[in-house]
Amino acid sequence: MGSRKKNPIDRRDFLKSAAVGAAVLAAAPAAPAKTSIPARGAPAAIPVSPEAELRALPSAEVLTTDRTGSDFMVDVIKSLGIDYVCSNPGSSFRGLHESIINYGGNRSPEFITCCHEESSVAMAHGYAKIDGKPLLVMAHGTVGLQHAAMAVYNAYCDRVPVLVIGGNIIDATRRISQVEWAHSVQDAAAILRDYVKWDDLPVSLPHYAESAVRAYKMAMTPPMMPVLLIVDGELQENPIPNGASLQVPRLTATGPPQGDSGAVDEAARLLVAAENPVLIAGRAARTPAGMTYLMELAETLQLPVIDQMDRMNFPTRHPLNQTGRGYELISNADVILGLEVNDFWGALHSFRDQMERTSRLVARPDAKTISINSANLFVKSNYQNFQRYPEVDVDIPADAEATMPSLTEAVKRRLDAGRKSVLAARRAKFAEAHDETLQRARDAAAYAWDASPISTARLCAELWAQIKNEDWSLVSRPVFLSNWPVRLWAFEKYHQFIGGPGGYGIGYGAPAAVGAALANRSHGRLSVNLQCDGDLMYAPGVLWTAAHHRIPLLTLMHNNRAYHQEVMQVQIMADRHSRGIDRAAIGTTLSDPPIDYTKLAQSMGVYAEGPISDPKDLGPAITRAIQVVKRGEPALIDVLTQPR
Ligand SMILES: Cc1ncc(C[n+]2csc(CCOP(=O)(O)OP(=O)(O)O)c2C)c(N)n1
Ligand SMILES: [Mg+2]
């Protein structure tokens, strides 16, 4: 090991003292003899503080005598520039785990201890929304991947890259306990295959290396998605065969697909000629540059933007932001441009949920529709998140962010001075409508201002007052709080909003917020999370992860003591049958006994206050909590709120 210093948990000493088999310590042969299967039972764990976890080991030397397959696997992971690995430990990837923390020095990636695999993946999901690149998630074969499944589905629907490694013991004759049998599986990827972009089962280290780099590349090519490698325990743990020539394949980025120039020009022609064009943005901006391109396109055409806010697409206070006027503008439009709109058909229709489910076209039947959407380049059959079939006039299967600059150029080429002045005249009208919408939102927010429990508008306004001069980032999607932040706050920068779960799987909110806050930490940003109670209760252990890893995050509970969306669903059913809504709380509320989120958070080492039910107490509590967060720690305030 050359110059490597002794560390309390030095890997090589650990291996020696843990009475593991000689074959594990030897450089060769690759296949241990039958008698050399490692004995189970590790020495008592040495408690390690987060500081010690991060204390640097000297960087690893390549090709030491006792290198295992998993050491090489770490070389490959490091070459991909992955900063963290979110994981709940499991013996099917113990080799990789140990190589990451010792051989890899627990740096890039650093091990983030997660209390549930769903949290691991949702953390990676939130992280990628801020930093635009994947984290690694390691999950135990069968059970770990089963736990991870919903969060992987969310990331798949939301087109977010996550690199998942699942452990497995593939050779049935090498499994050494009933547990290992129960946690091994013939086709481990099967449970996730319908909602990952690609999976593989490498059978050699060169195969692993190529597949890991390929998986990363595929995950990062729009449409981005999670990818999965199943990595055999023996491939991890066995020594690298003597004389093996291993190399880490070079990663080259695949360029995002751009729209065909003829189709882009046709789109420009329709947009320039339109009297009432409208732009709908779904996942239009993948990076901060996407926001700039979208502003340039909208301002060149002076057309209104309806932002579905699946990403931070467009500044909320931009005069062309007409999000509150979607129905009116879409029903008037002669040309409708959708940028990465997941449900184009739904955007043009309204729905009724009474007695029977009905829908009606809102858009003009003669409206021309243009869609730029990379989702068309990758569709799977089983899960139905691809939505209804939209009859689009100009369908451009490409990445919107990569295509916007050429669309703007094509528009500019077609604009003469006369047309430019006609378009410029539209702006004043939109600016006025924008201001009116904002004023209406402010008036509505004043309603029940002093109510107790606290109104969701007051909660959001109190928070805004204290963060607006900070470098803030909202790391949750506030749809269950009537979208007050989107209606009231000034969102200007890409990192200020992270969109939603994609697959609408609840339980995403808390871990995604912690993951996004982890990404924001290195930028020194103030992460704020509006946290629904029902969502937190799926896997509250992520609060401990935030405390343990010193992830600064301000969480305000929207504690309405209910799964309130579902209260309303049951009320709709009861109403439909004229049975009265007074029993709709059965199965949908979280009130008897009420959950004490302050104690819950405190028990995991998170600073917490509450429950707060008097709105006058909220501002000072937020001030105190922000001080804690600025020290680099998470803080939670439990706020008793009105249902919405
Ligand atoms: C995994 C999962 N289970 C169930 C649901 C159905 N569901 C949709 S909204 C909701 C209630 C969420 O409650 P909470 O997070 O407290 O928000 P609130 O409705 O109270 O605003 C549930 C259970 C879901 N979307 N995902
Ligand atoms: Mg709730």
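**View 1. Strand 9 sits between two partners.** Strand 9 and strand 12 (residues 368-372) run parallel and are joined by 5 bridges; DSSP must find at least two bridges before two strands count as a pair. One link to look for is Val 335, whose bridge partner in strand 12 is Lys 368. Another 5 bridges tie strand 9 to strand 7 (residues 277-281), again in parallel. There, Leu 279 has Leu 337 of strand 9 as its bridge partner. Strands here are DSSP runs of E with at least two residues, helices are runs of H or I with at least four, and both are numbered from the N terminus.

Before you go on: this is a predicted model, where local features need pLDDT of at least 70 and side-chain atom pairs need 80 or more, while totals for chains, interfaces and linings use all residues. Residues are numbered from 1 along each chain, chains are lettered from A and ligands numbered from 1 as written, and side-chain values use heavy atoms, without hydrogens or water.

**View 2. Helix 15 and its cover.** The 15 residues of helix 15 (residues 400-414) should span 21 Å, and its end C-alpha atoms are 20 Å apart, which agrees. The expected span is 1.5 Å times one less than the number of residues. Its buried residues include Met 404, Leu 407 and Val 411. Strand 9 turns up again here: along with helix 11 (261-273), helix 12 (288-301) and strand 12, it is part of what covers them, judged by contact, or heavy atoms within 4.5 Å.

View 3. Asp 533 (OD), Asn 560 (OD1) and Ala 562 (O) coordinate the magnesium ion (ligand 2) at 2.0 to 2.1 Å. Donors are N, O and S atoms within 2.8 Å of the metal (3.2 Å for Na, K and Ca), and with water not among the atoms, sites may look incomplete. Asn 560 is buried at 15% relative accessible area, and Ala 562 is buried too, at 8%.

Methods
Buried < 20%, exposed > 50% of the residue type's maximum accessible area, 1.4 Å probe, protein only.
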